[in-house]
Protein chains: 2
Amino acid sequence: MEPNHTKSSDCYAADISSIREAQIRIKPFAQQTPVLTSDTLDSIAGRKLYFKCECFQKGGAFKFRGACNAIFSLDDDQATKGVVTHSSGNHAAALSLAAKLRGIPAYIVIPKDAPKCKVANVKRYGGQVFFSEPSMQSRVDTANKVLQDTGAVLIPSSNDGRIISGQGTISLEFLEQASYIDTLIVPISGGGMISGVALAAKAINPAIRILAAEPMGANDAFQSKSNGRITKLSEVNTIADGLRAFLGDLTWPIVRDLVDDVIVVDDKEIIQAMKLCYEILKIAVEPSGAIGLAAVLSDGFQKNPVYSECNHIGIVLSGGNVDLGVLWNSFDK
Amino acid sequence: MEPNHTKSSDCYAADISSIREAQIRIKPFAQQTPVLTSDTLDSIAGRKLYFKCECFQKGGAFKFRGACNAIFSLDDDQATKGVVTHSSGNHAAALSLAAKLRGIPAYIVIPKDAPKCKVANVKRYGGQVFFSEPSMQSRVDTANKVLQDTGAVLIPSSNDGRIISGQGTISLEFLEQASYIDTLIVPISGGGMISGVALAAKAINPAIRILAAEPMGANDAFQSKSNGRITKLSEVNTIADGLRAFLGDLTWPIVRDLVDDVIVVDDKEIIQAMKLCYEILKIAVEPSGAIGLAAVLSDGFQKNPVYSECNHIGIVLSGGNVDLGVLWNSFDK
């Protein structure tokens, strides 16, 4: 699964220029999140690890970068009627917050089974909530109805050039904060974050290895890469509520060409990584956010000789919106 | 309780010079911890808050700064036989880690009722543990016995110039990271941290207000300030296991002269602040570490007109070593 470096970035929905523009656009609003390190985790992983703490981003997750870029890209006529999305939570909260900052309405379709803290975030930021059934079809149908009723603009959570560009700003910051990184590990779901991260990182340093981390119970990216085409699953089953979406037509070409490999981990490994984040790093990371650490510690990574050259690994801790009860109850006590 | 600014720093156990020396001494080993902000917490507090995240310090608490300074201040002859301390946990872990970095033994007396995660930290860093009864007398007696048996050097947790100087490096960093801070709120127990923080901050900017945050059930500093002399309590009772010690003869004069006021909060307020740190800031803060936020949100602070001019408040989140079960079980579910 070698990436195809001959591909021109012209054919993608974003590129290093749109990512640099996004960085300027969101700079007044977004946090520059810190990078933490831990000798204890380095010794467990046998590598030097750098943690980009997007759990400290506005709204508690990286999603604010893309949402902010998308909303502040709209011209005034488009923006007036507001924005719509359907999301399991973090994109919804991020879009609500960005809309509030621009002073426009945000209509948010949320599946009924989303974590309570994520719904609370949406409401805190003034988003107007419409609950759907958990299925993707119900989410899409409900969003379409809201679109018709309001005339607002749809802002997808991943499959969108503005979103990809916003998420790509993570790489610009991260590689400035820790320039010796040779490998980046990024959670994959709809592919918006890893697409932006890969586009920016490979533009800055083509030798950087980009690895996706994906839960076993929602491994559509792994299957898509294996099959050479977008492969959707009939059902998903993972504790990582933020990683249940599938690649789209805009993110897939970037993932196909620029993501070097997909590391698949099970929920037990994700929970163990959450626990290490809490106990060692002292930060609240949601299951989706901890998957990068889970990937580095997995046998699939540790025992694969291909990765023996990965000595300085950047891990994106993508979000921290986890109900404490979920965290506590998922631990082996 | 106006501080006496006419006091010369000559009479204290540390000063801005010894603190700057400490900064150079510990720089190769200590983390420069990030400062986080939160619009949500700002709006709850009605002020701009800056959180100095010492929970991300090596060993999970600010204590590493002082321990590292003390251990690397020893000459080789002194250092060879190792170091001894008695501590409820964070100083013990910090001293073990600093001793490990210097390659000398650390003998640690820990009261039986210390949190498990703190004992685990000591062992992780190679400290040799001796359990005592919870009482201060038993801690001191056990430490004296170990001193006799080993010939090692006693490194107190607070009442020591090297420790005060090391903790003072917090101010040097904090005021560089957030120079507009007009008020610093610091947990108080033995007084080592607040002494160092106050000495450095007032040297840099004499107008900075220094407030101590103290638990109701261990309010010896409040009583000492009121009485104008060191006042010890016959018993203490608070969830903040790191704040149960009393001021000593070296920290008291600094607290007396340079700490503008002591804000006392109860355990319920501490728990609520821990919850906000977890849910909003996404960080694991132990009860002692959350007390600064509890103080800012307390009626004692919010309703006191004296504090209406405190607009840019720096809060030291002093440590993150909390058993997750303790956190979860202490919440109002």
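**Entry 1: chain B against chain A**

I looked up the contacts between the two chains first. In this predicted model, 26 residues of chain B are in contact with 26 residues of chain A, contact meaning heavy atoms within 4.5 Å. I then looked up the area buried between chain B and chain A, and it is about 2,200 Å², with carbon and sulfur atoms giving 63% of it. Buried area here is the accessible area (1.4 Å probe) that two parts lose on being put together, summed over both.

I noted how the model is read: it is predicted, local features need pLDDT of at least 70, side-chain atom pairs count only at pLDDT 80 or more, and totals for chains, interfaces and linings use all residues. Residues are numbered from 1 along each chain as its sequence is written, chains are lettered from A and ligands numbered from 1 in the order in which they are written, and side-chain values use heavy atoms, with hydrogens and water left out.

**Entry 2**

I found two salt bridges across the interface of chain B and chain A, a salt bridge being a side-chain nitrogen of Lys or Arg within 4 Å of a carboxyl oxygen of Asp or Glu. I checked Asp39(A) and Lys58(B), whose side chains meet in a salt bridge at 3.5 Å, N to O.

Which elements of chain B give two or more residues to the side that touches chain A? I listed helix H2 (39-45), helix H12 (267-281) and helix H15 (324-330) of chain B; helices are DSSP runs of H or I with at least four residues, strands are runs of E with at least two, and both are numbered from the N terminus. H15(B) gives the most, with four residues.

**Entry 3: a sheet in chain B**

I traced an open sheet of four strands in chain B, in the order E5-E4-E3-E6, with parallel pairing; two strands pair if DSSP finds at least two bridges between them. Strand E5 (128-132) and strand E6 (153-154) of chain B each have a single partner strand, so one side of each is left without a neighbour in the sheet. Two bridges join strand E3 (residues 83-86) of chain B to E6(B), and Val83(B) has Val153(B) as its bridge partner in E6(B).

**Entry 4: Ser158(B)**

I looked up Ser158(B) in the loop between E6 and helix H8 (161-177) of chain B. Is Ser158(B) buried or exposed? Ser158(B) counts as buried because its relative accessibility is 10%, and buried means under 20% relative accessible area, exposed over 50%, partly exposed in between (1.4 Å probe, protein chains only). Not counting residues up to four places away in sequence, Ser158(B) touches residues including Lys63(B), Gly191(B) and Thr251(B).
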